[in-house]
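Subject: Structure handover

Hello,

Here is the structure for you to look through. Please open it first, then read my notes below.

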Amino acid sequence: GTMSAWAVFSMMGFYPACPGSADYVLTSPVFDRVTIHLDKKYYPKGDLVITSRRDAPEAIYIQDVRVGGKEWKGYAISHQDLVKAGTLDYSLSSEPKK
């Protein structure tokens, strides 16, 4: 079950960095759009919508990530930042970032 959960996380564009840590690693999503419905009782922002734009079908290289509409630096994000964001938008290219 653990590997299956990691695969689903990874395919959405992020996965837990380490068991017991509230940080995630950002990675290239497989899907163009994913909506995670969060319980508003605990997460007032509600849904987390993950989108990816590709310059080609084979695009896998992250060019930029926007969290809540703002450019994000680096490839890690805390649980709090992720659930407060509301959106996680990836721009992917078939060429590595220069």
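Start with Pro 44. Pro 44 sits in the loop between strand E3 (33-36) and strand E4 (48-54). Strands (E, at least two residues) are DSSP runs, numbered from the N terminus. Pro 44 counts as exposed, because its relative accessibility is 72%. The cut-offs are these: buried is under 20% relative accessible area, exposed is over 50%, and partly exposed lies in between (1.4 Å probe, protein chains only). Pro 44 and Val 83 are 39 residues apart in sequence. In space, they are 9.0 Å apart, C-alpha to C-alpha.

A word on the source. This is a predicted model, in which local features need pLDDT of at least 70 and side-chain atom pairs count only at pLDDT 80 or more, while totals for chains, interfaces and linings use all residues. Residues are numbered from 1 along each chain as its sequence is written, and side-chain values use heavy atoms, with hydrogens and water left out.

Now the strands. Two strands pair if DSSP finds at least two bridges between them. E3 and E4 are antiparallel and pair over 4 bridges. There, Thr 35 has Val 49 in E4 as its bridge partner. E4 is mostly covered, with 5 of its 7 residues buried.

Which strand does E4 run parallel to? That is E8, and 6 bridges join the two. Arg 53 stands opposite Ser 91 in E8. Arg 54 has Leu 92 in E8 as its bridge partner.

E8 also pairs with strand E5 (residues 61-67). These two run antiparallel, again with 6 bridges.

Last, the surface. Met 11, Val 30 and Phe 31 form a nonpolar patch there. Together they have about 250 Å² of accessible area, by the Shrake-Rupley method with a 1.4 Å probe, where for residues only the protein chains shown count as cover. Patch residues have over 30% relative accessible area and no salt bridge; nonpolar side chains (Val, Leu, Ile, Met, Phe, Trp, Tyr) are joined within 5 Å, like charges within 9 Å. A salt bridge is a side-chain nitrogen of Lys or Arg within 4 Å of a carboxyl oxygen of Asp or Glu. Phe 31 lies in the loop between strand E2 (23-26) and E3. Phe 31 is partly exposed, at 36% relative accessible area.

Best wishes
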